[in-house]
Amino acid sequence: VRGDISIMCSEEGTYSLTFRFNPRRFKENLKRTVFRVRKGVLNTVWPLTPGIWGAVTGVVVVRVVTAKPGSWWRSGSLANLLWNIDNMFPWEKNLPTQVRVGWLSLVAGTLGLVGISFVQRSILKCLLTYQGWMWLEHGQKVSTVTKVWFSMVKALSGMKPSLYNFQGCLPSLPVPPLRQTTDKFLLSVQPLLSAEEFEDMKGKVTDFHKNEGWKLQAYLKIRTLYTTSWLWDWWEKYVYLRGRSPIMVNSNYYVLDAIAYKPTHLQAARSAGLLLAADRFKALVDWETLEPIRIQRTIPWCMKQYERIFDTTRVPGKEIDIVMHYEPDPLRYAAVSRKGVWYKVDLVVRGKNGKWRTALLHELEKQFQIIIRDSDARPAPEGENSIAALTGWHRGRWAEARENFFWEGVNKESLNMVEKAFCHIHMYDETPADMTKQAKSLLHGDGKSLWFDKFVTF
């Protein structure tokens with residue numbers, strides 16, 4: 001269970017195992033495990049819902065149990081098949097006939113609904129491969145084919161889908177034709193080569209078509225049969241995580257919030273509101289109650305990346321980084337920094353009755369006010385106020401520094417605190433003069449305040 005078991009290694013090479021049992025954390029993780037198993041089943045059979053299953057199978061069971069012994073419900077070809085299956089389990093022969101009939105009708109109804117759901121999902125997946133709607137210009141008249149397609153997708157999409165219901169219905173990423181890939185490659189390298197070099201490159205591409213090209217294309221098509229995206233994990237590993245240049249500016253991006261409207265000019269109140277709103281959004285993602293994004297409330301988007309918005313950090317490696325996604329912690333908290341000082345702000349506190357609950361807005365605001373006063377009175381000394389600059393360094397050098405200086409003691413504990421926080425909030429001590437400076441403060445700041453490895457920083 002996360003946070004309950006830790007293994008420490010000393011300089012002498014001895015290991016120590018620490019076990020800390022937290023009843024609340026154990027209970028919440030057990031609850032989440034049961035939830036994920038249940039959601040995994042529901043996402044697999046969706047748009048079949050427990051309500052539909054209960055209503056339909058209930059009607060089937062009542063109809064079969066009350067039917068006459070000689071009717072089709074009891075002696076038809078399907079009934080005979082079910083009785084033959086029932087005879088494979090000798091212990092059921094000791095049960096009353098009505099109980100066996102009810103059980104078999106329940107199984108038959110369930111299998112029938114699952115089969116219908118599978119056909120519906122397969123049809124929806126085939127429909128979503130249609131791309132004609134993507135090329136419609138604004139104001140262009142929609143063709144009859146697109147209208148019919150749109151209506152069919154809407155009819156097969158079910159009611160009130162949850163976050164990951166559509167994942168199994170989305171088509172796999174198609175493999176582009178080999179000729180199209182090589183033509184784009186030649187187009188991209190042409191400005192970089194001389195005329196002679198370009199002609200030589202065209203010859204190499206022709207040889208590639210005749211030799212390795214068609215084999216590699218076949219491998220990619222085979223890969224699409226058992227993956228949803230033949231490119232995703234390769235791109236993430238070899239392009240995103242293997243890059244050694246600093247991720248500051250080169251990889252990270254920013255989003256500006258409301259410009260015309262500002263709910264408050266009080267930094268503590270604004271920080272508290274953002275943190276509480278992020279926590280509520282995180283709950284929607286964790287419990288999959290967030291409605292998936294759908295164009296015109298019909299065409300679904302892939303929501304896979306939502307599971308790694310919070311509780312996620314990028315851990316540097318000498319040759320390749322890894323994405324570390326931590327299990328949602330019931331005792332969740334945020335890492336907050338101001339003037340080089342780092343703080344831990346708990347989102348879960350004990351109420352007056354001794355029970356755990358989510359902190360209220362005014363309680364969080366009070367914590368941020370304390371942070372502002374404390375950091376103004378005791379800012380971090382020079383050097384210590386630039387720890388976050390390591391995350392904007394060369395990835396290999398950051399990995400070496402992490403290995404040399406953050407492998408034990410208070411440094412390791414502090415690093416774990418930052419990395420396991422569900423998000424990072426940095427509180428600037430000065431206001432940007434214009435939108436350009438505001439954008440720069442979000443993109444890179446002063447280069448030593450933002451923890452660039454966190455997936456979400458406010």
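User: What volume does the second largest pocket have?

Analyst: In this predicted model, where local features need pLDDT of at least 70, side-chain atom pairs count only at pLDDT 80 or more and totals for chains, interfaces and linings use all residues, the second largest pocket has a volume of about 1,200 Å³, a volume being the space filled by probe spheres set on grid points joined across faces, edges and corners. Residues are numbered from 1 along each chain as its sequence is written, and side-chain values use heavy atoms, with hydrogens and water left out.

User: Which residues are the closest to the centre of the second largest pocket?

Analyst: They are Gln167, Leu170, Trp301, Cys302 and Lys304, out of 43 lining residues; α1 gives the most to this lining, with six residues.

User: Why is α7 called roughly antiparallel to α8?

Analyst: The axes of α7 (residues 178–189) and α8 (residues 195–223) come within 11 Å and cross at roughly 150°, with axes fitted to C-alpha atoms over the stretch in contact and angles running from 0 to 180 degrees between N-to-C directions. Angles over 145 degrees count as roughly antiparallel, and therefore α7 is roughly antiparallel to α8.

User: What makes up the contact of α7 with α8, by class?

Analyst: Contact means heavy atoms within 4.5 Å, and among the residues that make it are Phe185 and Leu186 of α7 and Phe198 and Trp214 of α8. By class, the contact has nine nonpolar, four polar and two charged residues, where Ala, Val, Leu, Ile, Met, Phe, Trp, Tyr, Cys and Pro count as nonpolar, Asp, Glu, Lys and Arg as charged, and the others, Gly among them, as polar.

Definitions and conventions
1 Å grid on protein atoms, 1.4 Å probe; cavity = no way out; pocket = protein on both sides within 12 Å on 5 of 7 lines; lining within 4 Å. Helix = DSSP H or I, 4+ residues; strand = E, 2+ residues; numbered from the N terminus. Parallel < 35°, antiparallel > 145°, perpendicular 65-115°, else oblique.
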